[in-house]
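Biologist: I have a structure open on my screen and would like to learn how to read it. Could you take me through some of its features?

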Amino acid sequence: MHFQWYPGHMTKAKRMMQEDIKLIDVVIELVDARIPLSSKNPDIDQIAKNKSRIILLNKYDLASQQQTNAWKSWFEEKGFFVALVNSKSGTGVKNVHEVIQQACKEKIERDRKRGIMNRPVRAMVVGIPNVGKSTFINSFAGRACAKTGNKPGVTKGKQWIRLNKNVELLDTPGILWPKFEDQLVGLRLAFIGSIKEEILNMSELSLELIKFLHEHYKGMLANKYEIEESEDSLETLTNIAVKRGCKQKGDLPDIDKAASIVVDDFRNGRIGRVTLEFPIFEEKEETEEVDETIKE
Ligand code: G4P
């Protein structure tokens with residue numbers, strides 16, 4: 001699903017989320033494990049302040065295992081509860097129940113002291129388009145997808161899914177808008193296919209991707225396509241076109257076709273498990289002070 005965002009969309013999404021968040025105890029925020037920061041909108045920190053926060057590193061099946069673990073620690077350092085999930089296959093999804101209980105421990109304890117027993121925790125899923133919110137909700141709710149309907153007084157018009165005696169989930173996810181003002185963020189979102197490809201054409205996008213892979217995952221393209229990887233991204237792409245038999249008139253290599261193949265293979269994880277941004281570098285870029293725990 002591709003989204004075109006205008007200021008009107010953002011204002012509306014923000015207003016809806018501010019209303020919904022009043023009703024819930026815990027915010028379950030999905031980010032894409034390949035770009036955990038670029039797929040995160042920091043505005044949610046303000047909107048969801050005072051709520052328990054969970055980060056789900058979704059699509060971790062497509063990201064580097066080592067980097068995903070590093071990102072998990074990075075978010076935990078920042079006070080989030082974190083889980084790795086593959087919503088498509090369901091791997092790690094059940095574990096989210098346990099993470100919700102941990103994240104809401106204080107609240108449950110507070111309720112207990114005030115004599116409120118067995119009140120289910122109310123949760124809401126948020127994230128940018130295409131990050132996997134609907135897939136996650138379907139997988140998490142599974143067959144126990146009984147809608148509880150409106151709750152008089154507080155939740156007019158809202159549908160809740162009662163997952164078990166402990167948790168209720170708002171059935172519509174909150175949509176966050178991507179931070180595409182930053183060019184690098186836009187590029188990463190384009191790599192994973194989450195925004196329109198208008199910022200770059202497919203060949204340019206593929207050349208940028210090849211450059212990144214050569215720098216950070218040397219040999220991965222050579223392995224996948226059985227070609228020579230070159231310092232020159234265009235040469236690598238040409239080698240892929242030749243190897244894959246992508247030809248245009250006059251028997252010339254069809255670069256555009258090869259570019260689409262590379263980007264499509266990448267997005268579907270067929271080139272390998274790749275993380276596109278790393279916690280150490282992000283921290284250096286964003287602040288003067290580098291957190292020593294992240295440097296290690
Ligand atoms: P959204 O509600 O946040 O907009 O996202 P949605 O659930 O529609 O998911 C967007 C795409 O991401 C879907 O693919 C979905 O299958 C895929 N997806 C969601 N979670 C995961 C995951 O953990 N791993 C992987 N590999 N993919 C995931 P699609 O191409 O739109 O459809 P399809 O491939 O399911 O046919």
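Modeller: Gladly, and let us begin with handedness: a crossing is left-handed if the near helix is turned anticlockwise from the far one by less than a right angle, and right-handed if clockwise. In this predicted model, local features need pLDDT of at least 70 and side-chain atom pairs count only at pLDDT 80 or more, while totals for chains, interfaces and linings use all residues. Residues are numbered from 1 along each chain as its sequence is written. Here the crossing of H8 and H11 is left-handed.

Biologist: At what angle do helix H8 and helix H11 pack?

Modeller: Two packed helices are described by the angle between their axes and the distance between the axes. Axes are lines fitted to C-alpha atoms, for helices over the stretch in contact, and angles run from 0 to 180 degrees between N-to-C directions. Helix H8 (residues 202-216) and helix H11 (residues 255-267) pack at about 55°, with axes 8 Å apart. That makes H8 oblique to H11; angles under 35 degrees count as roughly parallel, over 145 as roughly antiparallel, 65 to 115 as roughly perpendicular and the rest as oblique.

Biologist: Which classes of residue make up the contact of H8 with H11?

Modeller: Ala, Val, Leu, Ile, Met, Phe, Trp, Tyr, Cys and Pro count as nonpolar, Asp, Glu, Lys and Arg as charged, and the others, Gly among them, as polar. By that scheme, the contact of H8 with H11 has nine nonpolar, three polar and one charged residues. Two residues are in contact if their C-beta atoms, placed from the backbone, lie within 7 Å. Among those meeting are Leu 205 and Leu 209 in H8, with Val 262 and Phe 266 in H11.

Biologist: How do H8 and helix H10 pack?

Modeller: H8 and helix H10 (residues 233-243) have an angle of about 105° and axes 9 Å apart, so H8 and H10 are roughly perpendicular to each other. Their contact has four nonpolar, four polar and one charged residues. Ser 206, Leu 207, Ile 210, Lys 211 and His 214 in H8 meet Ser 233, Leu 234, Thr 236 and Leu 237 in H10.

Biologist: Is Ser 87 buried or exposed?

Modeller: A residue is buried if 20 or more other C-beta atoms lie within 10 Å of its own, exposed if 12 or fewer, and partly exposed in between; C-beta atoms are placed from the backbone. Ser 87 is buried, because 25 other C-beta atoms lie within 10 Å. Its place is the loop between strand E3 (81-85) and helix H4 (95-103). Leaving aside neighbours within four places in sequence, the contacts of Ser 87 include Gly 132 and Thr 135.

Biologist: Which residues come nearest to the ligand?

Modeller: Of the 16 residues around the ligand, Ser 87, Gly 132, Lys 133, Ser 134 and Thr 135 come nearest; a residue is near a molecule or strand if its C-beta atom, placed from the backbone, lies within 6 Å of it. Helix H6 (residues 133-141) gives the largest share of this shell, three residues. The shell divides into four nonpolar, eight polar and four charged residues.

Biologist: And where is Tyr 6 found?

Modeller: Tyr 6 is in the segment before helix H1 (7-21). Tyr 6 counts as exposed because 9 C-beta neighbours lie inside 10 Å.

Methods: Helix = DSSP H or I, 4+ residues; strand = E, 2+ residues; numbered from the N terminus.
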